[in-house]
Amino acid sequence: FSRSTRLVSPSGLLAVPHAEVMAMYNSSVHHAGEPHPFDSPYEVMKGLKMEMNELRAAFQAEQQQRAVEVQQLRQQVQVLQDQLQKESHERKTICHQTVNDLTQVRSDQIKSLEEMKVSFASSLHQLNQLLQDEMRDRRAEGSL
């Protein structure tokens with residue numbers, strides 16, 4: 001696997017193989033036993049990259065958890081909406097039945113009242129006839 005790095009020179013761009021760049025880096029001027037000046041920043045960047053990967057993983061896990069929770073909440077909302085619709089339908093049915101029952105009771109009461117009125121009028125008419133007959137009979141006898 002061959003990688004090359006482009007270095008800028010006064011004459012233009014030159015392609016330099018990766019191995020040569022690494023050799024130049026290793027042979028650069030620094031004293032034996034001294035750490036290279038880029039080692040510390042490299043370690044910091046490596047640590048930041050690991051933290052970033054951990055944060056990404058945690059964020060994705062959190063997103064997945066929230067997606068599951070949202071789905072569960074949507075299902076609960078659907079169940080509650082279905083229950084509400086069912087209960088609403090049942091209540092409407094009960095109300096219609098109650099209205100029908102009350103209408104029937106009222107109709108029956110009105111009919112009974114009319115029958116009582118007719119019966120009362122008939123009884124009153126019969127009583128009036130009996131009184132008229134009694135008065136006529138007594139007049140005929142001369143007691144009135």
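Predicted model: local features only at pLDDT ≥ 70, side-chain atom pairs only at ≥ 80, totals over all residues.

**Exercise 1.** Work out what order the elements of the chain run in from the N terminus.

*Solution.* Start with the inventory: the chain has two helices and two strands. Then walk along from the N terminus, and you read β-β-α-α.

**Exercise 2.** Compare the span of H2 with the one expected at 1.5 Å a residue.

*Solution.* Count first: H2 has 103 residues. Just past the end of H2, look at Gly-142, with its positive phi of about 85°.

**Exercise 3.** Find where confidence is lowest and where it is highest.

*Solution.* Take the average first: the chain comes out at a pLDDT of 84, with 76% of the residues at 70 or above. Now go by element: strand S1 (residues 4-9) is lowest at a mean of 47, while H2 is highest at 95. Residues 1-8 stay under 50, and the model has 18 contacts for them beyond four places in sequence.

**Exercise 4.** Decide whether His-36 is buried or exposed.

*Solution.* Locate His-36 in the loop between helix H1 (18-26) and helix H2 (39-141). Its relative accessibility is 11%, so His-36 counts as buried; the cut-off is under 20%. Across the chain, buried residues make up 2% of the 144 residues. Finally, check the His-36 side chain: one of its polar atoms lies 3.1 Å from the backbone nitrogen of Phe-38.

Key. Residues numbered from 1 in each chain as written. Heavy atoms only, no water. Helix = DSSP H or I, 4+ residues; strand = E, 2+ residues; numbered from the N terminus. Buried < 20%, exposed > 50% of the residue type's maximum accessible area, 1.4 Å probe, protein only. Polar contact = N/O pair within 3.5 Å; in protein donor to acceptor, adjacent residues only side chain to side chain. Expected span 1.5 Å × (residues − 1). pLDDT = per-residue confidence, 0-100. Contact = heavy atoms within 4.5 Å.
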